[in-house]
Amino acid sequence: MLSAARAGEDHPRLYVSDADKPAIQAKIRDHAWAAGAYRNLLATIDPYVTRHQSDPQWIVSRLAMYWKPGERYTQCYIKDENWDRGTGDAPVPTVRLPGMRTWNDYQNVPLEDRIPYSENGDMKALSRKNPDQPPVIVPYRKSGHLVRSNNVEILSLAEKAAFAYWVSGEEKYAKFAADIFNAWLVGTYYMKPVLDPGKSSKGPGGTKPGGILGYYDYEQIHDDLALHAAPVYDFLFDYLQAHPAPALQATGRSLPEVAGIVFKRFVDIGRVRGGHNGNWNVNGWNMMMLPMLVLEKSEAYADGHGRDYYLPFFTTNSTKYHDALPKIVAAYDKDTGLWPESPGYAFGTINTLLQFDHPISRQGVDIIRENPALQKAALAVFPWMDARGNLVVFGDMRGGPANFSTFENLLAYYTRTKDEANARAAAAAIRQGVEAGIYDRSKVDWTGICVNVGDVSGSGATPAARTAYSAFHRHVVLRNGNDPKTSLMATLYGGRKGAHLSENGLAMQLYGMGWALGPDASAYESYWSDDRAYHQSAVGSNTILPGYTRGPITVHTIDPPPARGGFTNTTETSPWCSFADIGADQKRRLVAIVRTSATTGYYVDIFRSKLPDNDYLYHNVGSALRLADAANRPLAEEPAAFGKKDPALYRFFRNVSRTHADGDFLAQWTIPGKSSPTLFMDMWMRGGAGRSVFQFDAPPTTLVDVTPAGASKAPASTPSIIVRQTGKDGWNAPFVAVFEPHEAGRKSIAKITALPGSRSFVGLVVESRPLDRELQGRKDVILNAVDDAEHATPDGGLFQGTFAVASTNAEGLRELYLGRGKRLRVGRQELASAGSKPVSASISNAGGAWSYSADAPIRWTFPDAKAGTPLPIVCEARGRRTTVTPVVNSREGTATVELPAGDRVTLHLPAD
């Protein structure tokens with residue numbers, strides 16, 4: 001019961017007040033994106049609003065309710081997580097509880113085709129996997145989420161209409177929204193919270209604490225009807241008061257009383273259900289926040305429980321059932337800013353918290369200022385975004401664009417608090433999404449029109465770290481450039497169980513032209529679908545099978561290294577080379593990026609395994625896969641079958657053929673574009689005696705648009721290969737591959753040659769085509785070892801270290817790059833550690849401009865045309881100059897200089 005204090009004195013209040021109306025109207029008038037968003041909103045609701053003027057029961061009849069007199073239940077019971085029965089009979093239809101907890105294959109047909117006044121709760125639906133098939137009638141008890149999604153859709157139409165009424169003042173929108181809201185409000189008022197006598201929800205239900213059950217859903221984190229109803233009540237408060245519904249009047253209570261009772265049920269039940277931490281906790285608060293904030297102040301209620309009573313349970317006061325914000329932000333990693341779950345959950349969580357900022361700030365609380373970890377957590381999304389703004393895929397997530405409302409909410413906050421530097425960074429992220437075509441500001445909903453800043457024009461770019469490493473996730477990102485047309489990016493994932501992560505086993509993902517071309521598979525329908533095991537396993541990834549899937553990993557090297565106590569690198573060794581070298585159990589994998597020009601580059605994959613039998617598995621999106629020998633002659637294939645000892649999940653592979661690959665071989669994936677050039681992923685792999693290659697169609701890679709032209713999106717398959725090595729371990733005979741993504745006519749690699757190696761040493765020579773000046777005569781010598789010995793190359797070179805690239809072109813030396821090594825000699829050039837420990841260092845020459853980086857002192861030996869005369873070298877870094885004098889070896893015509901550790905130090909040679 002409401003006390004004598006006046007209720008409803010300040011509606012609307014959630015996102016705007018009446019005083020804000022002129023500014024919102026001006027935003028819609030003056031900014032194209034806001035005008036477009038408002039037009040989209042009206043286009044969605046106007047057909048229904050127009051129909052409502054002549055047929056006011058049409059939209060209400062589509063609500064999923066207990067319509068039948070005598071069966072207008074006031075109490076529902078569930079059994080084994082499904083609807084069991086109902087009792088009682090209300091004077092009006094009551095809102096229907098979903099028929100079952102689990103997902104299924106079905107989605108609702110359009111509103112126009114739904115069953116009006118469905119007394120038995122049956123729903124007409126389409127298959128998700130085969131949407132072209134005719135609709136079917138799904139029984140209530142088997143309807144999955146159809147009931148809830150139906151009611152959410154209709155309440156969402158009411159939301160939009162209520163906002164349109166507030167903006168325009170046109171009563172037709174108010175009448176439409178009010179009729180839906182009143183049917184829902186009174187139909188919910190008469191329904192008691194569902195009971196679960198068998199405690200299948202881990203609690204008894206009703207109003208008692210414990211378990212995951214919501215008021216109107218089997219999981220409190222999906223109990224979202226009040227979340228959509230609260231804004232309708234907020235915008236329409238005065239209209240609803242002036243036009244009371246007969247069913248509401250029949251309750252004998254006022255509008256604020258009935259609304260308060262209903263909204264507080266969602267809040268009170270939510271506060272003692274769900275999960276007290278993790279994404280369950282945050283998503284649970286999301287269900288409660290708007291119903292909580294739309295309430296009056298505590299003085300308006302006899303029990304003293306208004307919005308100012310409830311809000312501190314989120315902002316400060318944790319309980320045994322739900323952590324408050326200080327405990328929530330404590331879960332974020334202090335070094336990386338990451339949430340300890342897969343990317344979808346990690347950034348869904350921070351986005352939800354940031355969405356709370358605006359409505360809570362209207363209550364006088366600044367949750368971002370009081371919890372600065374929120375900003376770090378939000379900015380942590382950048383290293384996990386590709387050049388097109390899509391999130392990397394690992395764990396049980398779909399991928400797709402990062403939620404740009406994260407940046408919109410940050411920008412709104414920074415603008416409100418006059419933080420210009422951070423505002424520029426947030427605006428740059430929004431512009432990147434718009435320019436990449438993955439974010440359209442005009443597609444935002446009404447809350448975006450209220451919250452988002454009008455203008456995001458300006459200069460600046462989003463952060464694009466070269467490397468990012470999260471120890472908790474066992475996940476590395478390597479990147480070179482952030483332009484969708486030219487960027488190179490790879491990831492290496494150790495895999496772990498739990499936290500919505502998956503046991504993928506040193507899985508690699510490769511990108512090209514800003515697209516994920518070799519991603520993890522993530523096209524399963526739901527947690528309950530039979531193909532989930534494939535998509536969440538190492539078999540759905542790019543790795544070696546069988547073997548490592550879980551357990552600690554050893555980070556041998558990441559270069560450039562993430563800053564100590566940080567997520568990303570703050571220095572870089574080489575502008576052109578980067579790599580990660582990770583060990584896990586019986587495996588060790590090195591993945592490197594080598595950029596050869598502003599527009600070209602490739603990946604190196606060296607994968608060792610101590611298992612006696614190994615399957616090197618690689619999936620790449622596309623429409624076709626071609627296998628050829630080193631001379632580019634097609635390899636003969638024949639139908640084949642996998643053996644009985646192979647992983648059971650190989651059963652998902654179709655159209656299997658087999659060929660032999662004792663020698664080096666080539667594979668090329670074709671990815672046709674619609675309005676853009678055809679893309680290719682080329683793979684060269686070093687041969688090995690007794691190896692064979694299986695070619696086959698793997699299941700779809702994705703359900704969302706994260707691949708070019710929808711390549712390998714369900715239901716299309718994913719062309720894949722397995723390189724099988726039997727009876728010979730993959731440690732002494734590792735898998736060595738080079739991958740090059742390119743557009744048609746822009747292939748840069750001309751030839752790859754394997755150098756004589758040993759059990760612990762691998763060498764390659766990669767030669768480029770002269771596509772531009774930088775690639776004229778380009779040759780890269782690539783070296784890798786897993787011991788501390790010196791290894792000789794055929795041309796008289798020496799190498800001691802983990803990884804090295806020596807690059808030359810027609811103009812001479814391009815770069816000597818030594819990744820965690822002691823020595824790299826090519827011709828008369830040598831880069832070496834000045835001490836006894838390994839160093840990561842680069843000496844480079846760009847058109848006669850020399851520079852170096854090193855994380856420890858180094859020695860550089862180079863040809864000296866003036867042998868016998870020591871000539872000083874000037875080192876310049878950050879405006880400071882120092883002079884070092886080389887020691888000349890006149891006999892060899894070389895000079896050796898010792899250089900201190902430094903980052904991108906410019907060298908002024910005597911010839912300069």
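Predicted model: local features only at pLDDT ≥ 70, side-chain atom pairs only at ≥ 80, totals over all residues.
Q: Why are the rings of Tyr-309 and Phe-313 called edge-to-face?
A: The structure holds 55 aromatic pairs. In the pair Tyr-309 and Phe-313, the ring centres are 5.4 Å apart and the planes stand at 70°. Centres within 6.5 Å make a pair, and planes over 60 degrees apart make it edge-to-face, so the term applies to these two rings.

Q: Are Tyr-309 and Phe-313 buried or partly exposed, and what decides it?
A: Buried means under 20% relative accessible area, and exposed means over 50%. Phe-313 is at 16% and therefore counts as buried.

Q: Why is the pair of Tyr-618 and Trp-669 edge-to-face?
A: The centres of the two rings are 5.2 Å apart and their planes are at 75°, so the pair is edge-to-face.

Q: What makes this pair a tie between separate parts of the sequence?
A: Tyr-618 lies in strand 20 (residues 614–619) and Trp-669 in strand 24, so the pair ties together parts that are 51 residues apart in sequence. Tyr-618 has 0% relative accessibility and counts as buried; Trp-669, at 0%, counts as buried too.

Q: Which residues form one aromatic cluster?
A: The cluster consists of Phe-181, Trp-184, Tyr-215, Tyr-216, Tyr-233, Phe-237, Phe-263 and Phe-266.

Q: How do you know that the end-to-end span of helix 6 agrees with its number of residues?
A: Helix 6 (residues 225–242) has 18 residues, and at 1.5 Å a residue these should span 26 Å. The end C-alpha atoms are 24 Å apart, which agrees. Helix 6 also bends by about 75° at Leu-236.

Q: Why is helix 6 described as largely enclosed by the rest of the structure?
A: Of its 18 residues, 15 are buried, so the description holds.

Q: What makes strand 36 mostly covered, and with which strands does it pair?
A: In strand 36 (residues 839–846), 7 of the 8 residues are buried. Strand 34 (residues 812–826) pairs with strand 36 in the antiparallel sense over 5 bridges, with Gly-821 opposite Val-839. Strand 37 (residues 849–854) also pairs with strand 36 in the antiparallel sense, over 6 bridges, and Ala-846 has Ala-849 as its bridge partner there.

Q: What lies between the two strands of the hairpin formed by strand 36 and strand 37?
A: There are 2 residues between them, and Gly-847 in the turn has a positive phi of about 65°.

Q: Why is Ser-768 called buried?
A: The limit is under 20%, and Ser-768 has a relative accessibility of 11%, so it counts as buried. Ser-768 is found in strand 30 (residues 761–768). Leaving out residues up to four places away in sequence, Ser-768 touches Thr-596, Ser-748, Ile-749, Ala-750, Leu-775 and Arg-778.

Technical notes
Residues numbered from 1 in each chain as written. Heavy atoms only, no water. Helix = DSSP H or I, 4+ residues; strand = E, 2+ residues; numbered from the N terminus. Buried < 20%, exposed > 50% of the residue type's maximum accessible area, 1.4 Å probe, protein only. Contact = heavy atoms within 4.5 Å. Pairing = 2+ DSSP bridges. Expected span 1.5 Å × (residues − 1). Bend = angle between axes of the 7 residues up to and from the residue. Phe/Tyr/Trp six-rings, centres within 6.5 Å; stacked < 30°, edge-to-face > 60°.
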